[in-house]
Amino acid sequence: MGGLQEFYTVPDIVKQWAHYFYRHIRERNIPEIQSMYEISFLKLSDRYYKASPWPEVQHIAEVVDQDHVFCLLYKEMYYRHLYARCQPTLRDRCESWDNYCDLFGLLLTSNVNMQLPNIWLWDMVDEFLYQFQSFCQYRGKVQSMSPEEIENLKKCDKVWNIVEVLNILQALVDKSGIVAELEGDGGARLCQLEGYYPQSSNVLRMLGYFSLTGLLRVHCLVGDYFTALKAIYPLNLHERTHLFTPRIPGAHITLFYYGGFSYLMQRRYLDAARCFNAVLLYIYRVKAAHRNSPQYEQMLKKNEQMYALLAICLALCPAASKSLDENVLMQLRERQSDNMAAMSRGDIDVYDSLFRDACPKFVTSTPPAYDQATTNTNQLAFRAQLNSFLLEVRSQQTLPQLKQYLLLYSSIALGRLAALMDVEEGALRQQLLCLKAKQRQLKWDGGKDMTAGTWTVASDLEFHIDVDTATGREMVLVSDSTTVATYAPLLAHHIFRFEEIIRDLSLPPPVAAAAAAATAAAPAAARA
Amino acid sequence: MSIIVTGADRYSPEKLPQLEVYVDEQVTNRTWSLDSNATLLRFYQFSPASVKPAIVAKVLIKAIMQAPNQDFKCLITLLPERLQQSDESVYKVVQLANALETSRFSDFWNAANTCRELLGSIPGFYESVRGFIAHTLVHTYGRVTKRTLADCLKLEGATLEQYLAEKCKSAGWSIVNTPAGEVVGLPKNDDNQSVVKRTQELIRFDQVAPMLKSVTVGF
């Protein structure tokens, strides 16, 4: 070949890694594949490729028999590493898109027999959507691009096209038959065998399963919250007995983050709080186990975001706090008590900043007008959602103050209340109607459709307006609901905790015994 | 004809003309399908060149008619802001929806006056909206003055009397006489009367069962 070609050496250890990785995949040795995927790959990356990409596929093709499927899989990992550690160019983005099309195309059409670790399959879907979001962000920054970059971009209108992305995800769902399978037994077999059914491949099945979450995510990113919740059928966010996602933290957190957010934007705060409660408890339980995993930081970030969203839910619907677990409530108070106090006073800026921090990175699904390079179009999608949210917040802005007044009285004439609040009677009537309307929301109460629900009243204050038949005056009457404090769950919880403590105390301390034996031996040795 | 949009149908752009025709059908037949309309608006978002603002306005008006369902809220987040502001009829419809959502009924009727032909072209609009307003009133008022009722529903004189007579027959409303004039009594439900709720604590067996094991040790 030409003398200008660089002489590229691949370290032997990397070639060995590729060779054994390929062998293990051929032999369907799942534990080995997983260990090489999770541990060895990261170690080698840190050692040799900390800020540069791995060798291109042609350099390792010879040690893997030029196997077509393995090369596609390797390229998937290659681009994932590139996106994480380096800055991808437009060329890299296009090539990665082509690779995903080839890889998914192959998995959809030919009958592969291999088994891959579920975490890898989840990472594939997750990375696919992350690169999609990244491309939309990149494409929107028109004003900082050179003219030739813009020319090249104009030619790539099929690359990372949203309709194509959605069609790929839907094809994975359809071809894997996952919907029929989950409808049949509610996911019991999948959970039991973790997707590794003997004599068959788990790849398409699990890709289909994770694509359900993928569809939810993409719909949220374009502001289509109704279809987002419809798309995860038949996964059930509220009855989670046979949900497989808890085995893979990334999948579980993504599912509930976008699910809860979809409920929040549809003004279903009770359902949203329920989702966030479930996943925040989950993170609370498992985060210690994942302290060393590369996804730990991402987990913590989502944790913070979801506490912010939960704070918003409670500010807009205080009655939702009744369904929260006490651990979650405690953590929430620790992190967000200032914000919650400000929001209950009607401070729009706090709502704004919390939403900004916690919302997903919305995408503008269409390419910008390249010739009118004026603004960053990524902000358009975000601002549209933000404004929609703030509109809802503003419509409730005067209500907390009204509630404060109502709490003081059991009955008060409408005219008198208007005078006290310094508003017109007409305006007061409108506010009372608004308060009543806002207290009613849809709540999921069974069935497989996540968008279904019945109308429930979610309020901590019940009132109504009546006309006194004797005098003809309008009165606002506030209901008196006495709640008896429930001690049973609290006592049960503490009994259980104390029993655990007592059990731990009554165990013979193994360390102390060994130390006692050691200290007994040392003086004996010293004396001897 | 009703189009069911599930699975891959959601993402095939060839369906676009079919969905547009379906909107007109929903208008004439007074039906509604949130799935297909959401798909339509989603396609409009993906390819702004094919947007037809007239159809968007029709879809949004139909969505308002579904109140108190939050269908309007589900659809408005799909529309780019530019479209909401550039097209006059879409802008007006958004204002109408916001007024209804916050129970500013006088603002709603004022705005509705400015686009009477548009709203008149959708059969059943005024009935649905009045139905929603009545629904809100029923859940807030035990008894409401005629004046308030007239203002909220924008009905006067003979039409108001006719409306009330119908409601008294079919929906359990009643007319009560008071010194200050006639007052309309609304049907009783959970929301518009004083209910003193005493929530009892019931301790269930499954809450106590885990503890019984340790408590009964030694028996």
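**Entry 1**

I began with P234(A), which I found in the loop between α12 (225-231) and α13 (249-265) of chain A. The model is a predicted one, and in it the peptide bond joining Y233(A) and P234(A) is cis, with omega at about 0 degrees. I then looked up a cis bond in chain B, where A67(B) is linked to P68(B) with omega near 5 degrees; P68(B) sits in the loop between α3 (53-64) and α4 of chain B. I also noted R28(A), a residue other than glycine whose phi is positive, near 55 degrees, and which lies in the loop between α1 (12-26) and α2 (30-48) of chain A. I record these because most residues other than glycine have a negative phi and most peptide bonds are trans.

**Entry 2: W32(B)**

I next asked which residues W32(B) is in contact with, once its neighbours within four places in sequence are left aside. The tryptophan itself belongs to the loop between α1 (16-29) and α2 of chain B, and I listed its contacts as Q26(B), N37(B), V59(B), K62(B), A63(B), Q66(B), D71(B) and L75(B). With D71(B), the side chain of W32(B) also makes a polar contact of 2.8 Å. For a separate distance check I took V51(B), which is 19 residues from W32(B) in sequence and 20 Å from W32(B) in space, C-alpha to C-alpha.

**Entry 3: the sheet of chain B**

I traced an open sheet of three strands in chain B, paired antiparallel in the order β1-β3-β2. The edges are taken by β1 (143-145) and β2 (174-178) of chain B, each with a single partner strand, so one side of each has no neighbour in the sheet. From one strand to the next, the twist averages 35 degrees.

I went through the pairings one by one. β1(B) runs antiparallel to β3 (residues 181-185) of chain B and is joined to that strand by three bridges; within this pairing, V144(B) is bridged to V184(B), and T145(B) has V183(B) as its partner in β3(B). Between β2(B) and β3(B) I counted five bridges, again in the antiparallel sense, and here V176(B) is bridged to V183(B). A hairpin carries the chain from β2(B) to β3(B) through two residues.

**Entry 4: the two domains of chain B**

The domain assignment that I consulted divides chain B into domain 1 (1-138) and domain 2 (141-194), and their C-alpha centres lie 30 Å apart. In the contact between them, domain 1 of chain B takes part with seven residues and domain 2 of chain B with 13 residues.

How much area is buried between domain 1 of chain B and domain 2 of chain B? I read about 970 Å², of which carbon and sulfur atoms give 68%. On the side of domain 1 of chain B, R130(B), L137(B) and V138(B) lose the most area to domain 2 of chain B, and together they make up 65% of what that side buries. At least two residues of the touching side of domain 1 of chain B come from each of α7 (105-114) and α9 (125-140) of chain B, and α9(B) provides the largest share, five residues.

**Entry 5: chain B against chain A**

Last, I turned to the interface of the two chains, to which chain B brings 58 residues and chain A 66 residues. I put the area buried between them at about 5200 Å², with 56% of it on carbon and sulfur atoms. Five salt bridges cross this interface; as one entry I noted K73(B) with E392(A), whose closest N and O atoms are 2.8 Å apart. The count of residue pairs in polar contact between chain B and chain A (both at pLDDT 80 or more) is 18.

I then asked which elements of chain B supply the side that touches chain A. Those that give at least two residues each include α2 (34-46), α4 (71-76), α6 (88-101) and α12 (205-215) of chain B, and among them are also the strands β1, β2 and β4 (198-199) of chain B. The largest share of that side, six residues, comes from α2(B).

Note on methods. Residues are numbered from 1 along each chain as its sequence is written. Chains are lettered from A and ligands numbered from 1 in the order in which they are written. This is a predicted model: local features need pLDDT of at least 70, side-chain atom pairs count only at pLDDT 80 or more; totals for chains, interfaces and linings use all residues. Side-chain values use heavy atoms; hydrogens and water are left out. Two strands pair if DSSP finds at least two bridges between them. Helices (H or I, at least four residues) and strands (E, at least two) are DSSP runs, numbered from the N terminus. Axes are lines fitted to C-alpha atoms, for helices over the stretch in contact, and angles run from 0 to 180 degrees between N-to-C directions. Domain bounds come from an automatic or database domain assignment. Contact means heavy atoms within 4.5 Å. Buried area is the accessible area (1.4 Å probe) that two parts lose on being put together, summed over both. A salt bridge is a side-chain nitrogen of Lys or Arg within 4 Å of a carboxyl oxygen of Asp or Glu. A polar contact is a pair of N or O atoms within 3.5 Å; within protein, one must be able to donate a hydrogen and the other to accept it, and residues adjacent in sequence count only if both atoms are side-chain atoms.
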